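This report is a plain description for someone who has not seen the structure before. Please look at the sequence and the model below, then read on.

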Amino acid sequence: MSTQPPESEAPSRDGLWPMPPGPPHEERHFTQNEVVRDLVIGTADGLTVPFALAAALSGAVAANPLIVTAGLAEIAAGCVAMGLGGYLAARTEAEHFTAERKREEEETETYPDRERWEVAAILHRYGVRGDALRMAVDSICADKRRWVDFMMRFELDLKEPQPDRAARSAITIGGA
């Protein structure tokens, strides 16, 4: 793996060398995890509507103690549904992160020059130029884990979810 751009590809006027060949398609990473999370939680929230309707109908024809019982049942159903939604959303977010990390690891193996260029392009946007740019790219790409971590954070804007996030999310949302 080269640490410099090819001699025939001198840096452009602003200091970033041309993009090397890479995948035959534009890279597409799924980055809408917030939307997925909101859809899952919203769907789970929608599950409480049938329970609320059942409680209302029961209450309309029943005595007072039954109305209270039906209301408590609706609250419990809402807690379970919302907690399950939070749990599933957090699990989906963790699975998404894992899949994207695997994809970045494969890309650094299959298209190392393109991935190095992407590191350079990211740093270039922050004003790093010339020898400093080459040294920074070399340093980041020298360690595969650090390289992939950098791409996850700065290319995809993804942070590794905490391992216990799903359970904590379920308890927090369900309890709320």
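## Overall make-up

The chain has seven helices and zero strands, where helices (H or I, at least four residues) and strands (E, at least two) are DSSP runs numbered from the N terminus. Along the sequence the pattern reads α-α-α-α-α-α-α. Of the 176 residues in the chain, 34% are buried. Here buried means under 20% relative accessible area, exposed means over 50%, and partly exposed lies in between (1.4 Å probe, protein chains only).

Contact is taken as heavy atoms within 4.5 Å. Among contacts between residues at least 6 apart in sequence, 79% join residues at least 24 apart.

## Source and confidence

This is a predicted model, in which local features need pLDDT of at least 70 and side-chain atom pairs count only at pLDDT 80 or more, while totals for chains, interfaces and linings use all residues. Residues are numbered from 1 along each chain as its sequence is written, and side-chain values use heavy atoms, with hydrogens and water left out.

The predictor's confidence in each residue is its pLDDT, on a scale from 0 to 100. The chain has a mean pLDDT of 78, with 65% of its residues at 70 or more.

Gly86 is in helix H3 (residues 64-110). With a relative accessible area of 1%, Gly86 counts as buried.

From Glu95 to Pro161 the C-alpha distance is 9.6 Å, and the two are 66 residues apart in sequence.

## Helix H5

Helix H5 covers residues 130-141, and at 1.5 Å a residue its twelve residues should span 16 Å. The expected span is 1.5 Å times one less than the number of residues. The end C-alpha atoms of H5 are 17 Å apart, which agrees.

Which residues of H5 are buried? They are Leu133, Arg134, Val137, Ile140 and Cys141. These residues cover an arc of only 135 degrees around the axis, which puts them on the same side of H5; the arc is that of the directions from the helix axis to the C-beta atoms. On the other side of H5, Asp131 and Met135 are exposed. The buried residues pack against helix H4 (112-125) and helix H6 (144-154).

## Helix H7

Helix H7 runs over residues 165-175, and its buried residues are Ala166, Ser169, Ala170 and Gly174. Seen down the axis of H7, they fall within an arc of 115 degrees, so they line one face of the helix. Ile171, Thr172 and Gly175 are exposed on the other side of H7.

## Aromatic rings

A pair of aromatic rings is described by the distance of the centres and the angle of the planes. Rings of Phe, Tyr and Trp (its six-membered ring) pair if their centres lie within 6.5 Å; planes under 30 degrees apart count as stacked, over 60 as edge-to-face and the rest as tilted. A search of the whole structure finds two aromatic pairs. In one, the rings of Tyr126 and Phe154 have centres 6.4 Å apart and planes at 80 degrees, so the pair is edge-to-face. Tyr126 lies in the loop between H4 and H5 and Phe154 in helix H6, so this pair ties together parts that are 28 residues apart in sequence. Tyr126 is exposed at 60% relative accessibility, whereas Phe154 is partly exposed at 37%.

Phe150 and Phe154 form a tilted pair, 4.9 Å centre to centre with 35 degrees between the planes. Both lie in helix H6, four residues apart, about one turn of the helix. Phe150 is buried, with a relative accessible area of 11%. Tyr126, Phe150 and Phe154 form one aromatic cluster.

The charged end of Arg153 sits over the ring of Phe154, 5.5 Å from its centre. Such a placement requires NZ of Lys or CZ of Arg within 6 Å of the ring centre and within 35 degrees of the ring normal.

## The loop between H6 and H7

Asp157 lies in the loop between H6 and H7. Although Asp157 is not a glycine, it has a positive phi of about 55 degrees. Its relative accessibility is 56%, so Asp157 counts as exposed.
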